[in-house]
Amino acid sequence: MTESAELPAPPEAAEKVFGDRLPDAVRYAELLADAGVRRGLIGPREVPRLWERHLLNCAVLAEVVPQGVTVCDVGSGAGLPGIPLALVRRDLRITLLEPLLRRTNFLTEVVELLGLDHVTVVRGRAEEVLGTLQPVHVVTARAVAPLDRLAGWGVPLLRPYGEMLALKGDTAEEELLAAKTALSKLGVEETSVLRVGEGVVDPQSTVVRAVVGESPGGVRFAAKRARAARRSGNRGRR
């Protein structure tokens with residue numbers, strides 16, 4: 001039996017979440033179960049639980065993303081949570097940021113196949129695109145790194161008063177407590193742990209929300225952004 005053949009039918013909750021984009025969600029699940037496994041983007045043992053553990057777990061993040069904002073999905077990998085979020089929220093402008101070529105190739109193929117014209121794939125690390133990628137309202141991430149390290153990558157990409165939404169597991173509260181000092185130094189002024197997906201996923205998805213003030217990333221990153229902006233301006237005048 002092939003990996004794709006092991007993919008279960010979408011659960012009833014999938015139609016509720018994806019609506020008329022359910023056929024696209026099914027196609028994405030099939031791509032993950034086939035090419036995603038062959039290219040090493042997900043493990044074959046994840047195929048039977050792709051819907052509940054991955055697609056739906058990520059799609060319900062839409063509950064806490066504001067309307068009509070720009071989003072950067074840091075370390076997007078196989079497109080989680082960025083692709084499910086894009087399928088349920090056409091009002092968002094989403095950048096999938098990923099450093100590895102084999103992953104960005106896969107993401108580009110998915111975006112083109114599903115006609116996600118509100119999604120852009122960018123190859124690079126967060127620290128490399130700072131100053132060239134336009135600051136965003138929301139940074140998302142899932143299973144990328146411990147919260148303090150993730151914040152060091154994601155928070156500087158935010159606009160003033162933007163927010164980072166990180167999908168985390170059972171230890172979210174402990175991670176947040178351990179990262180408090182690091183988050184404060186990065187300009188984070190408000191944090192909370194949210195539960196989303198009631199009636200869709202069990203257990204509900206856990207999201208750590210970190211809201212920045214007027215200096216995302218703190219003083220050091222503000223200076224770095226200013227230098228990058230000046231370089232960009234100089235190139236534009238040539």
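Arg49 is partly exposed, with a relative accessible area of 36% (buried means under 20%, exposed over 50%, and partly exposed in between, using a 1.4 Å probe and protein chains only). The structure is a predicted model, in which local features need pLDDT of at least 70 and side-chain atom pairs count only at pLDDT 80 or more, while totals for chains, interfaces and linings use all residues. Residues are numbered from 1 along each chain as its sequence is written, and side-chain values use heavy atoms, with hydrogens and water left out.

Arg49 forms a salt bridge with Glu46, the closest N and O atoms being 2.6 Å apart (a salt bridge is a side-chain nitrogen of Lys or Arg within 4 Å of a carboxyl oxygen of Asp or Glu). Glu46 is buried at 15% relative accessibility. The count of salt bridges comes to 13. One of them joins the side chains of Glu173 and Arg195 at 2.9 Å, N to O. This pair links distant parts of the chain, with Glu173 in helix 8 and Arg195 in strand 6, 22 residues apart (helices, H or I with at least four residues, and strands, E with at least two, are DSSP runs numbered from the N terminus). Glu173 is partly exposed at 36%, as is Arg195 at 42%.

Seven strands form an open sheet of mixed pairing in the order 3-2-1-4-5-7-6 (two strands pair if DSSP finds at least two bridges between them). Strand 3 (119-123) and strand 6 (188-196) stand at the edges with a single partner strand each, so one side of each is left without a neighbour in the sheet. Strand 4 (residues 136-142) and strand 5 (residues 158-168) pair in the parallel sense over six bridges, and Val138 stands opposite Glu163 in strand 5. Helix 8 (residues 172-185) packs on the sheet, where strand 5, strand 6 and strand 7 (205-212) are touched (contact means heavy atoms within 4.5 Å).

Arg89 lies in the loop between helix 4 (82-88) and strand 2 and is buried, with a relative accessible area of 7%. A polar atom of the Arg89 side chain lies 3.0 Å from the backbone oxygen of Val65. Not counting residues up to four places away in sequence, Arg89 touches Ala62, Val65, Pro66, Gln67, Gly68 and His118.

Notes
Axes fitted to C-alpha atoms, helices over the stretch in contact; angles between N-to-C directions. Polar contact = N/O pair within 3.5 Å; in protein donor to acceptor, adjacent residues only side chain to side chain.
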